[in-house]
Amino acid sequence: MMEFDPHKFDFSVEESLAAAAAGKLLSAEIEFNRSCNYRCPYCYAAGQYSSCALEPELAREVIRDVAKLGARKIVVLGGEPLLCKNLNEYIELAESLGMAAEIFTNAALIDEKRAKFFHDHGCRVVVKLNSLRPEVQEKLTGVPHALDNALRAIDILQSAGMDEMRLAASSVICTENESEVAGLWKYLRGRNIKPYLEIMTPQGRLLEHHELEVHPRRLKEIFDEIAAFDRSLGIEWEPQPPLVGAKCLRHQYSCVVGAGGEVTPCVGLTVSLGNVHEEPLPDILRRSNVLRRLKNFRNTIKGPCRSCDKADSCYGCRGAAYQLTGDYLASDPLCWRNCDELLGAPPRLPCDAQQFLPHRPPMTMVEKLLSVGEWSVVETTIAPDNRFLHDGVLDSEAIPEIVAQSCAAITGFEQADLGIKGMLTGIRSVSTTGIVRSGDKVHLRIRETDELDNYHVLYFQLIRCGDGEICAEGEMSICRVP
């Protein structure tokens with residue numbers, strides 16, 4: 001039996017920032033499976049329900065790697081975790097490595113045996129509970145009797161000895177429950193259940209149910225009401241999105257390993273960092289430029305979030321920023337401090353690359369900036385008046401210029417707020433393996449592989465869109481200067 005240790009589950013701002021500085025994890029979110037018996041209309045994984053699951057040996061390897069990186073807990077997501085046949089084994093492995101497990105479940109499959117196992121192995125269980133009205137709970141889970149399932153599970157878990165630190169309830173704020181979430185919070189406090197209440201991230205199935213979204217100014221009213229109630233209990237916290245009663249700095253100390261092996265910063269910030277099928281988790285996290293910029297948020301965040309008086313310990317919801325703008329370093333449009341300025345603004349990505357380029361026609365050779373992340377992608381179509389065409393075929397000498405312009409677009413997008421520009425300093429190891437012709441649409445995929453002060457080494461691929469052939473690849477170096 002493992003004693004419950006609350007120190008393994010909750011982290012202070014200071015602990016979070018210290019973990020980032022040391023390159024350590026405090027937790028890791030793992031989807032052992034994607035199968036689910038509920039159909040929540042706001043689910044981030046919508047459209048991806050399948051039998052997809054981490055192979056057992058790979059799952060065990062991920063758990064061991066997470067422990068080596070210093071994590072205190074694994075957070076088990078899904079799908080529905082209780083549909084994972086190896087769940088108990090994974091929890092026991094984490095326990096043997098000194099970690100605890102926090103399980104997010106819709107609770108439909110909770111029984112006395114499972115409750116006892118979770119209790120005896122020092123777990124925290126988080127039950128999905130969005131409403132105390134049966135019709136609302138059913139609408140927000142997509143299945144009948146969902147409220148009965150949740151309340152029955154809570155009774156079973158509490159009978160097994162799960163107290164306030166060990167039992168939590170997860171809720172989202174939406175138009176269906178906004179009038180009652182403050183009451184739900186009070187109910188959970190009264191039953192000694194830890195409340196997890198958060199703003200929804202605009203992704204997955206929520207994109208088909210915009211009617212569930214709540215305006216940021218209304219969200220502020222709800223946060224303020226709950227904060228006032230907690231103050232009456234002697235519990236002090238300052239309202240700020242996306243979590244009620246807490247600060248979200250998870251990119252400082254956590255990551256997500258999906259059921260398909262994909263590694264992302266969190267479930268909302270879906271920029272791929274790599275895949276554990278191809279590379280060990282520690283290597284993925286160590287060389288991630290996305291995580292490096294997130295951890296250096298005080299110097300990389302953009303817009304109002306950069307100058308906010310809370311900026312030393314808050315950077316808004318990176319998931320909301322990414323899903324609404326395509327830029328994971330943009331200001332959070334769903335924060336009530338930013339909403340009047342940012343909400344409803346058109347997405348920034350994909351966008352016209354010309355705005356970031358010093359070049360002008362006819363020398364402009366890139367058109368659109370599609371994405372910025374571990375791999376940044378720039379798109380262009382080879383114009384018939386391109387001066388590097390010979391008999392309709394693009395000369396290989398044009399490739400350095402296309403790459404340089406692509407880098408200028410990426411640097412301009414990333415560093416525009418900081419007044420930083422890039423300068424090409426070298427290009428090497430270029431191999432040309434395919435032919436690009438007039439009218440071909442191509443993608444430049446660029447990834448940073450090394451950095452020293454202001455000098456950056458980049459690997460690039462030029463890919464013909466029609467058939468996906470890599471027509472050229474190589475390395476280049478740039479210097480970013482004020």
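**Entry 1**

I began with C123, which is buried, its relative accessible area being 0%. The model I am reading is a predicted one. I located C123 in the loop between helix 4 and strand 4. I then listed what C123 touches, leaving aside residues up to four places away in sequence: F4, F9, I91, A101, I103, F118, M162 and R166. I also checked C123 against G190, which is 67 residues away along the chain, and found 22 Å between the two C-alpha atoms.

I recorded an open sheet of nine strands with mixed pairing, in the order 6-5-4-3-2-1-7-8-9. Which strands are the edge strands? I noted strand 6 (194-199) and strand 9 (274-275), each of which pairs on one side only.

For strand 1 (residues 27-31) and strand 2, I found parallel pairing over five bridges. Within that pair, I30 stands opposite V76 of strand 2.

At strand 6 I looked at the pairing with strand 5, which is parallel and runs over six bridges. There I noted L197 of strand 6 as the bridge partner of S171. I then compared the two faces of strand 6: P195, L197 and I199 make up the covered face, while K194, Y196 and E198 make up the uncovered one.

Helix 6 lies across strand 4 (124-128) and strand 5 (167-173), and it runs at about 160 degrees to strand 4.

**Entry 1. Helix 7 against helix 8**

I examined the packing of helix 7 (residues 181-190) on helix 8 (residues 216-232) and recorded an angle of about 30 degrees, with the axes 9 Å apart. Helix 7 is therefore roughly parallel to helix 8, because angles under 35 degrees count as roughly parallel. I noted the crossing of helix 7 past helix 8 as right-handed.

Which residues make the contact? From helix 7 I listed V181, A182, W185, K186 and R189, and from helix 8 I listed I222, E225, I226, F229 and D230. Sorted by class, the contact of helix 7 with helix 8 has six nonpolar residues, four charged residues and no polar ones.

**Entry 2. Backbone exceptions**

As background, most residues other than glycine have a negative phi, and most peptide bonds are trans.

I found a cis peptide bond between G78 and G79, with omega about 10 degrees. G79 sits in the loop between strand 2 (73-77) and helix 3 (87-96). I found another cis peptide bond between P241 and P242, where omega is about 5 degrees. The loop that holds P242 runs between helix 8 and strand 7 (256-257).

A107 has a phi of about 80 degrees although it is not a glycine. I placed A107 in the loop between strand 3 (100-105) and helix 4 (112-120). Is A107 buried or exposed? A107 counts as buried, because its relative accessibility is 0%, and the cut-off for buried is under 20%. H145, likewise not a glycine, has a positive phi of about 65 degrees. I found H145 in the loop between helix 5 (134-139) and helix 6 (146-159).

I turned to strand 11 (residues 368-371), which pairs in the antiparallel sense with strand 10 (residues 351-352) over two bridges. In strand 11, L369 is the bridge partner of C351.

I then followed strand 11 to strand 12 (residues 376-381), to which it is joined by three bridges, the two running antiparallel. Here L369 stands opposite V378 of strand 12. How many residues lie between strand 11 and strand 12 in their hairpin? I recorded four residues between them.

**Entry 3. G303**

Last, I looked up G303, in the loop between helix 11 (297-300) and helix 12 (304-307). G303 is partly exposed, with a relative accessible area of 34%. I compared G303 with L349: the two are 46 residues apart in sequence, and their C-alpha atoms are 16 Å apart in space.

How values were computed
Residues are numbered from 1 along each chain as its sequence is written. This is a predicted model: local features need pLDDT of at least 70, side-chain atom pairs count only at pLDDT 80 or more; totals for chains, interfaces and linings use all residues. Side-chain values use heavy atoms; hydrogens and water are left out. Two strands pair if DSSP finds at least two bridges between them. Axes are lines fitted to C-alpha atoms, for helices over the stretch in contact, and angles run from 0 to 180 degrees between N-to-C directions. Angles under 35 degrees count as roughly parallel, over 145 as roughly antiparallel, 65 to 115 as roughly perpendicular and the rest as oblique. A crossing is left-handed if the near helix is turned anticlockwise from the far one by less than a right angle, and right-handed if clockwise. Contact means heavy atoms within 4.5 Å. Ala, Val, Leu, Ile, Met, Phe, Trp, Tyr, Cys and Pro count as nonpolar, Asp, Glu, Lys and Arg as charged, and the others, Gly among them, as polar. Buried means under 20% relative accessible area, exposed over 50%, partly exposed in between (1.4 Å probe, protein chains only).
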